Amino acid sequence: MSDHKYAYFFGGNRTEGNAGMRNLLGGKGSHLAEMANQGIPVPQGFTLTTEVCTAYYNHQQHYPDGVEEQVAEQLSKLEKETGIKFGDQVNPLLLSVRSGARISMPGMMDTVLNLGLNDKTVVGLAQEADERFAYDCYRRFINMFGDVVLGIEHKEFESVLTAKKAELNLTNDTELDTEALKDVVAKYKALVRSKTGEDFPEDPMDQLWKSINAVFDSWNTKRAITYRKINNIPDDWGTAVNVQCMVYGNMGENSGTGVAFTRNPSTGERKFYGEYLMNAQGEDVVAGIRTPLPIETLKQEMPEVYDQLDDIKERLEHHFKEMEDIEFTIQQGKLYILQTRTGKRTAAAAVKIATDMFNEGLITKKEALLKVEPEQLDQLLHPMIDPNEKVKSVAKGLPASPGAALGKVVFTAEHAEEMAQAGEKVILVRNETSPEDIGGMHVSQGILTVRGGMTSHAAVVARGMGKCCVAGCGAIRIDEERGLFSVNGHTINEGDYITLNGSTGEVIIGQVKLITPEISSDMVTILEWADEVRTLGVRTNADTPKDSRTARDFGAEGIGLCRTEHMFFGDERIPIVQEMILAETEVERRAALDKLLPMQRGDFKGIFEVMKGYPVTIRLLDPPLHEFLPNHDELLEKYMQLKTSGDTDKLHEVQKLMKRVESLHEFNPMLGHRGCRLGITYPEIYEMQVRAIFEAACELAKEGYEIVPEVMIPLIGHINELKITKESAETVAKQVMDEQGVKLEYLIGTMIELPRAAITADEIASEAEFFSFGTNDLTQTTFGLSRDDASKFLPYYVEHGILEIDPFVAIDQKGVGQLIQIGVEKGRSTRPDLKVGICGEHGGDPSSVIFFHNIGLDYVSCSPFRVPIARLAAAHAVLKSDK
């Protein structure tokens, strides 16, 4: 027998674990041990560690030596502590078997309750308690064991139960009498026999080990794997298993079960929040099969129990310094806490809870910052229904997760995933969601359920994902076979648009205008605290005064990427750009560029005005010229139409355009005639842009603005490319400043987006006054793939573990990240004061931001709406490195 400890007891005076053992005992097991240590009433039991799970998978689902013996020892200890025996025919000890990963994965793994019942022990339980209660427990056990362990779908058992209620003309499970429940048990066992070819197992130890196996197996169910991928939870962490004495919420009207949060998980309000059901077991609350009562009602129904629960709520929150999610059971008037864990919450709630707990003196400012995940802030910037819109709802459910969403109705998670893959926005409409729906919920804009409360599976998962959710909308009738749902005289077909208001619970037919909400004062506070901590600057990628203003409102400290090519589109400008491209001589080309000059100057002036002295990095024209021309197929169609009309002048123009398009055609435009290569072969293009930049800056300098233009030359691969383009830019800048009689400070730098540029960064830094890593193109050129084409196979790569994450979402630290680090180190070896940033969308990804902080970048730049995320992520980078 191995000396290694695999099982830890909790409860009474014999608790062996504590909250610091989360990685070993899992979140549930470590918190049960901690509560037992604090004297909180916890049903006794023991935890099999996450190491058992890891060994189980590493050894073809076999346990390491010593596990079976330690389970037997712990079970014996449990029998001594409780005074009742497992499998005893007179007064049987019944158990629950639950999962418990180190990070909460609500509903993703399996549970078995009432374990130990068989045809003999059920009689003993009936004698000790009540016959109806005993058979209610027995039918629940067969259902759960059949589903979790034997693989018989829950709906098979549910159809038996529904048929029995219909036969007796009953509505609720609680109305079934003892004889009816005995008949249900018999039919459940017959169902097991017909589905498996074997009788339902009667041996309690056999039941226990099969249940333990099933819970460990549930770590690798499709839904659990999907949840881990969505939440970046490593596959090798494994889950613990908690074996615990049963306590019963279904022993009559003085028993019940519930789920509660120490604060409101939707708003963050410091108010006890939760739901419960009398004469029920835990799965009745979370499954949404019966609609529960608000926790406040318990104060009237059982005031002493409520006061005890309220006191425990306060103790837990102060002990863990967290908003806690508590599961409880009341057994014949006695309260038990089944688990406590850090509560899932919306972004708005996370921000409010963090600021409130700091103001209450419960946590420090740094702890408050770490309570808000940067990704959560994205939820606060999601759409809401425009208050000026006149909307009429057709139904109202519970406001389970705030925000608004619109999309096409789908009725299955599979269909949601298919439509989302095709680019459609969808709303998943279900009677109630189950853990199997996780993939469909993830891709949906919002979720609407007929049944379930504020703590149902749909509500909890949607809040964690930041999805809008309306739950418990009982007026809806779903007809999945016909592909429609009806509500209050309206029929909505699959594929029709609906809008959800998760803040009010309203369901609206059709598409309603959505707007972006304003930032709350609590979010402003969190971001101000983040700014006090972070050392990494945060800029924005913006090409218009409007986007620049939005970014400044979100706290951007300048522009890290202004894409000038975006200024060339528009009905007024594109003909002039095309005229420039079609010009056959430099003179003709310059004439067209002269028309563009005042437009570009106005663009830059508007952006400089909004930024009011903050740095603005302007990238000179980057994409190939053919992007500004119609494609060949469009021109061919136009040519054929004109050929029949006889308009020779226009026909000649189209022919000329077709020839130019053909001459500009490239097999691989991403690596073709673009960026600095364009500026070298057509220097007049960059000359016009530099002139526009400096004329705008000089005009504003005369008005008292402090402007420091940063001119960025793209796609440099060789030092000579930078020398040529930089010399040209400096010449034009000097000309403009002499003409305007203004002296400006300015910088000329480059965008590092080719591996060669990163490797030769020491050479390039001899000319470049700043580096900005274009991580989108650097990722493409490092991996040798096109971002546009890679979407066809990258999801497969991530799903099958070939890549941990899409490298266009989070920086590839081992490859692309190392090139950036080499570039930074080499560049600063030549120019120690070299300013270095990144301007790809990785600048708004929290894990990437932390990496960029760690390798010493000066700033990140991202789209305006990701600026708050980057600000908080930059603070997290400092706080996590201090730990």
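User: Before we start, when do two strands pair?
Analyst: Two strands pair if DSSP finds at least two bridges between them. This is a predicted model, by the way.

User: Fine. Which residue in β22 stands opposite F485?
Analyst: That's I492.

User: And how many bridges join β21 and β22?
Analyst: Four, in the antiparallel sense. Strand β21 covers residues 484-487.

User: What's the strand order in that sheet?
Analyst: β20-β21-β22. The sheet is open, with three strands and antiparallel pairing.

User: Which strands stand at the edges?
Analyst: β20 (476-479) and β22 (490-493). Each has a single partner strand, so one side of each has no neighbour in the sheet. On average, neighbouring strands here are turned by 20° against each other, direction ignored.

User: Switching to V429. Buried or exposed?
Analyst: Buried, because its relative accessibility is 1%, and buried means under 20%. V429 lies in strand β17.

User: What is V429 in contact with?
Analyst: Setting aside neighbours within four places in sequence, V429 contacts V409, V410, F411, L448, I478, F485 and I498.

User: How far apart are V429 and V410?
Analyst: 6.0 Å in space, C-alpha to C-alpha. In sequence they are 19 residues apart.

User: Which way do β16 and β17 run, parallel or antiparallel?
Analyst: Parallel. Three bridges join β16 (residues 404-410) to β17 (residues 426-430).

User: What sheet are they part of?
Analyst: An open one of eight strands with mixed pairing. The order is β14-β24-β23-β16-β17-β18-β19-β15. Its edge strands are β14 (395-396) and β15 (398-401), and each pairs on one side only.

User: New topic: β26. How many of its residues are buried?
Analyst: Five of its five residues. The strand runs over residues 537-541.

User: Which way do they point?
Analyst: G537, R539 and N541 point one way, and V538 and T540 point the other way. In a regular strand, side chains alternate between the two faces of the sheet.

User: Which strands does β26 pair with?
Analyst: One is β33 (residues 859-862), parallel, over four bridges. Another is β27 (residues 559-563), also parallel, over two bridges. R539 stands opposite S861 in β33. T540 has I559 as its bridge partner in β27.

User: Which residues of α6 are buried?
Analyst: F157, V160, L161, K164 and K165. They cover an arc of only 135° around the axis, so they lie on the same side of α6.

User: Why would residues spaced like that point the same way?
Analyst: An α-helix has 3.6 residues a turn, so residues three or four places apart point the same way.

User: What covers the buried ones, and which residues are exposed?
Analyst: The cover includes α5 (131-148) and α7 (178-196). K155, A166 and E167 are exposed on the other side of α6.

User: What follows α6?
Analyst: N169, with a positive phi near 60°.

User: And E695, where is it?
Analyst: In helix α26 (residues 683-702). E695 counts as buried because its relative accessibility is 8%.

User: What does E695 touch?
Analyst: L597, R601, V736 and Q740, leaving out residues up to four places away in sequence.

User: Last one, the whole chain. How many helices and strands?
Analyst: 35 helices and 33 strands. Of its 883 residues, 55% count as buried. The C-alpha atoms fill a box of roughly 105 × 65 × 50 Å along the principal axes.

Note on methods
Residues numbered from 1 in each chain as written. Predicted model: local features only at pLDDT ≥ 70, side-chain atom pairs only at ≥ 80, totals over all residues. Heavy atoms only, no water. Axes fitted to C-alpha atoms, helices over the stretch in contact; angles between N-to-C directions. Buried < 20%, exposed > 50% of the residue type's maximum accessible area, 1.4 Å probe, protein only. Arc of directions from axis to C-beta. Contact = heavy atoms within 4.5 Å.
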